[in-house]
Amino acid sequence: AIGCVIKGDTPHFDYVCMGATQGITELNATGDIPVIYGLITTNTMEQAEDRAGGKLGNKGDECAITAIKMIDFAWSLQK
């Protein structure tokens with residue numbers, strides 16, 4: 001699950017972040033397929049851009065690498 005929530009002037013930011021976190025947690029607790037948490041939460045668009053390929057790296061790439069590592073780990077358990 002990859003996404004970005006940028007804080008605005010309303011409490012929607014808190015609701016969206018909490019809902020996404022709880023939903024992904026529930027999927028991991030009850031499902032058979034692991035879900036990688038790739039939600040960037042920022043205060044500004046600049047922070048989002050910095051984390052999505054800017055000067056702070058690319059969190060999307062990091063999530064993809066984590067997903068590949070989880071698949072490899074799951075396959076190693078089946079051997």
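Biologist: With which residue does Glu62 form a salt bridge, and how far apart are the closest N and O atoms?

Modeller: A salt bridge is a side-chain nitrogen of Lys or Arg within 4 Å of a carboxyl oxygen of Asp or Glu. Here Glu62 pairs with Lys59, and the closest N and O atoms are 3.5 Å apart. By this rule the count comes to one salt bridge. Please note that this is a predicted model, in which local features need pLDDT of at least 70 and side-chain atom pairs count only at pLDDT 80 or more, while totals for chains, interfaces and linings use all residues. Residues are numbered from 1 along each chain as its sequence is written, and side-chain values use heavy atoms, with hydrogens and water left out.

Biologist: How are Glu62 and Lys59 placed in helix α3?

Modeller: Helices are DSSP runs of H or I with at least four residues, and strands are runs of E with at least two, numbered from the N terminus. Glu62 and Lys59 are separated by about one helical turn because they are three residues apart in helix α3.

Biologist: Is Glu62 buried or partly exposed?

Modeller: Buried means under 20% relative accessible area, exposed over 50%, and partly exposed in between, with a 1.4 Å probe and protein chains only. Glu62 is partly exposed at 40% relative accessibility, and Lys59 is partly exposed at 29%.

Biologist: Which residue caps the N-terminal end of α3?

Modeller: That residue is Asn58, with a side-chain oxygen 2.9 Å from the backbone nitrogen of Gly60.

Biologist: Where is Ile40 placed, and with which residues is Ile40 in contact?

Modeller: Ile40 belongs to strand β2 (residues 38-42) and is buried, at 10% relative accessibility. Contact means heavy atoms within 4.5 Å. Leaving aside neighbours within four places in sequence, Ile40 is in contact with residues including Cys4, Val5, Arg51 and Lys59. The C-alpha atoms of Ile40 and Ile6 are 8.3 Å apart, although 34 residues separate the two along the chain.

Biologist: How many disulfides does a search of the whole structure find?

Modeller: A disulfide is a pair of cysteine sulfur atoms within 2.5 Å. The search finds zero. For Cys17, the nearest cysteine sulfur is that of Cys4, 9.0 Å away; Cys17 is buried, with a relative accessible area of 11%. For Cys63, the nearest is again that of Cys4, 12 Å away, and Cys63 is buried at 12%.

Technical notes
Polar contact = N/O pair within 3.5 Å; in protein donor to acceptor, adjacent residues only side chain to side chain.
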